[in-house]
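Here is a short briefing on aromatic rings and how they pair up. Take a look at the model first, then read on.

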Amino acid sequence: MRQTFSDLIAYCQDAAGGDTSTASSTFIKQRLNKNAEFVLAKMPTHLSQIERTFSTVASQQPYHYPPGMRSVESLMLTIGSRDYPLTPVFSLMEWRKLNAIDISAGAFPEKYFNQQRDFEIWPK
């Protein structure tokens with residue numbers, strides 16, 4: 001039988017001896033949400049993919065993941081009305097080599113690199 005979020009909260013409160021206090025309820029909700037995030041991050045399906053929009057900043061390379069996001073699967077840069085897909089870089093060594101290249105200001109970003117807590121765009 002499929003359980004709703006409310007069913008899971010009630011189940012956890014019962015298992016905690018019937019504690020329905022605000023502190024207990026908040027703790028249970030935080031844990032359920034964190035575990036749901038973890039499960040969705042492990043499921044590589046279209047159901048676990050979330051589209052996000054953000055603005056880039058001139059001369060900035062790292063961008064923090066928004067809450068609930070663990071990695072970037074693809075990036076599309078829009079300039080005016082034109083979309084430019086960015087290519088992922090999977091090797092740290094390759095990423096370091098790219099960043100050693102001096103690129104003139106005004107160059108369009110071409111690549112991105114996922115890290116543990118953020119992702120970077122090259123060239124910045």
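A residue counts as buried under 20% relative accessible area, as exposed over 50% and as partly exposed in between (1.4 Å probe, protein chains only). This is a predicted model, in which local features need pLDDT of at least 70, side-chain atom pairs count only at pLDDT 80 or more, and totals for chains, interfaces and linings use all residues. Residues are numbered from 1 along each chain as its sequence is written, and side-chain values use heavy atoms, with hydrogens and water left out.

**Aromatic pairs overall**
- The structure holds four aromatic pairs, where rings of Phe, Tyr and Trp (its six-membered ring) pair if their centres lie within 6.5 Å; planes under 30 degrees apart count as stacked, over 60 as edge-to-face and the rest as tilted.
- Tyr63, Tyr65 and Phe119 are linked into a cluster by ring pairs.

**Tyr65 and Phe119**
- These two rings form a tilted pair, 5.8 Å centre to centre with 35 degrees between the planes.
- Tyr65 sits in the loop between strand E1 (62-64) and strand E2 (75-79) and Phe119 in strand E5 (residues 118-122), so the pair ties together parts 54 residues apart in sequence; strands (E, at least two residues) and helices (H or I, at least four) are DSSP runs, numbered from the N terminus.
- Tyr65 is buried at 11% relative accessibility, and Phe119 is buried at 3%.

**Tyr84 and Phe108**
- Tyr84 and Phe108 make a stacked pair, with 5.4 Å between centres and 15 degrees between planes.
- Tyr84 belongs to strand E3 (residues 82-88), while Phe108 lies in the loop between helix H3 (92-100) and strand E4 (111-114), so this pair joins parts 24 residues apart in sequence.
- Tyr84 is partly exposed at 25% relative accessibility, and Phe108 is partly exposed at 45%.
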